Amino acid sequence: VTLNLTISSPSTSLLTESTCETFILNGQTYSESGVYEQILTNAQGCDSLVTLNLTILTPTTHTLTESACESFSLNGETYSSSGVYTQVLTNAVGCDSILVLNLTIPEINTAITNTAGVLSANQSGGAYQWVDCLTGQNIAGATSQTFTPTQNGSYSVIITLNPCIVESDCEE
């Protein structure tokens, strides 16, 4: 009796991976960092032990609250109205970095109403400075929402509504 005997050895392999959120190995999904083992069959029909050393990297989220006049620019994007905006960038480890922008751009009413010679800024809640349009000079003490001119002329109002400062058109 002749015996031709071949003894095959089991095989082992070490796989080290870093990835964002999940990793799939041989149909198995992993979503947490750790050391995992899978026993498979190698080409010789013996056990094959695969050890997975897995690091799951996490995306980052940052919220930014801003107020601006007219428009606001962030990472090459310009926004011109109030709202919540999301940008998806890449963080330092190569995963998503989600930036949430809470933006307030106040709408300031610069209209002036003239009622029987009394000028009123239509925007309430701000700080006011009335201006003589002919000279371009601020009128001393004229810092209310209403202004009664002592002479005929053309007047505007500078309205400060944080963080914005705007000036109305001139009213005669």
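Biologist: Which residues have the most contacts inside the largest nonpolar core?

Modeller: In this predicted model, the largest nonpolar core has 14 residues. Those with the most contacts inside it are Leu-119, Ala-121, Trp-130, Ile-139, Phe-147, Val-157 and Ile-159.

Biologist: Which elements give two or more residues to this core?

Modeller: They are β12 (118-121), β13 (127-132) and β16 (155-161). β16 supplies the largest share of the core, with 4 residues.

Biologist: And what does Ala-121 touch?

Modeller: Leaving out residues up to four places away in sequence, Ala-121 touches Ala-111, Tyr-128, Trp-130, Gln-145, Val-157 and Ile-159. Another core lies apart from the largest one and has 8 residues, among them Ala-68, Phe-72, Leu-74 and Ile-105.

Biologist: Why would such side chains end up buried together?

Modeller: As a general matter, nonpolar side chains tend to be buried together in soluble globular proteins.

Biologist: Switching to sheets. What is the strand order in the open sheet that has mixed pairing?

Modeller: The order is β1-β5-β4, in an open sheet of 3 strands. Its edge strands are β1 (11-20) and β4 (34-41), and each of them pairs on one side only. From one strand to the next, the twist averages 25 degrees.

Biologist: Do β1 and β5 run parallel or antiparallel, and how many bridges join them?

Modeller: β1 and β5 (residues 47-57) run parallel, and 10 bridges join them. As one example, Thr-16 has Asn-53 in β5 as its bridge partner.

Biologist: What about the sheet that holds β12?

Modeller: That is an open sheet of 3 strands in the order β11-β12-β15, with antiparallel pairing. The edges are β11 (112-115) and β15 (146-147); each has a single partner strand, so one side of each is left without a neighbour in the sheet.

Biologist: How many bridges join β12 to β15?

Modeller: 2 bridges join β12 to β15. Ser-120 stands opposite Thr-146 in β15.

Biologist: OK, cysteines. How many disulfides does the structure hold?

Modeller: The structure holds 3 disulfides. With the bonded cysteines numbered in sequence order, the pairing is 1-3, 2-5, 4-6.

Biologist: Start with Cys-20. Which cysteine is it joined to?

Modeller: Cys-20 is joined to Cys-95, with an S to S distance of 2.0 Å.

Biologist: Next, which parts of the chain does the disulfide of Cys-69 and Cys-164 link?

Modeller: The sulfur atoms of Cys-69 and Cys-164 have an S to S distance of 2.1 Å. The pair links distant parts of the chain, 95 residues apart: Cys-69 is in the loop between β6 (60-67) and β7 (72-74), and Cys-164 is in strand β17 (residues 164-167). The torsion about the S-S bond of Cys-69 and Cys-164 is about -115 degrees, so this disulfide is left-handed.

Biologist: What about Cys-133 and Cys-170?

Modeller: Cys-133 and Cys-170 form a disulfide with their sulfur atoms 2.0 Å apart. The link of Cys-133 and Cys-170 is left-handed, with -100 degrees about the S-S bond. Cys-133 sits in the loop between β13 and β14 (137-138), and Cys-170 in the segment after β17, 37 residues apart.

Biologist: Last one: Cys-46, buried or exposed, and why?

Modeller: Cys-46 counts as buried because its relative accessibility is 17%, and the cut-off for buried is under 20%.

Conventions
Residues numbered from 1 in each chain as written. Predicted model: local features only at pLDDT ≥ 70, side-chain atom pairs only at ≥ 80, totals over all residues. Heavy atoms only, no water. Core = buried A, V, L, I, M, F, W, Y, C linked by side-chain atoms within 4.5 Å. Buried < 20%, exposed > 50% of the residue type's maximum accessible area, 1.4 Å probe, protein only. Contact = heavy atoms within 4.5 Å. Pairing = 2+ DSSP bridges. Axes fitted to C-alpha atoms, helices over the stretch in contact; angles between N-to-C directions. Disulfide = S-S within 2.5 Å.
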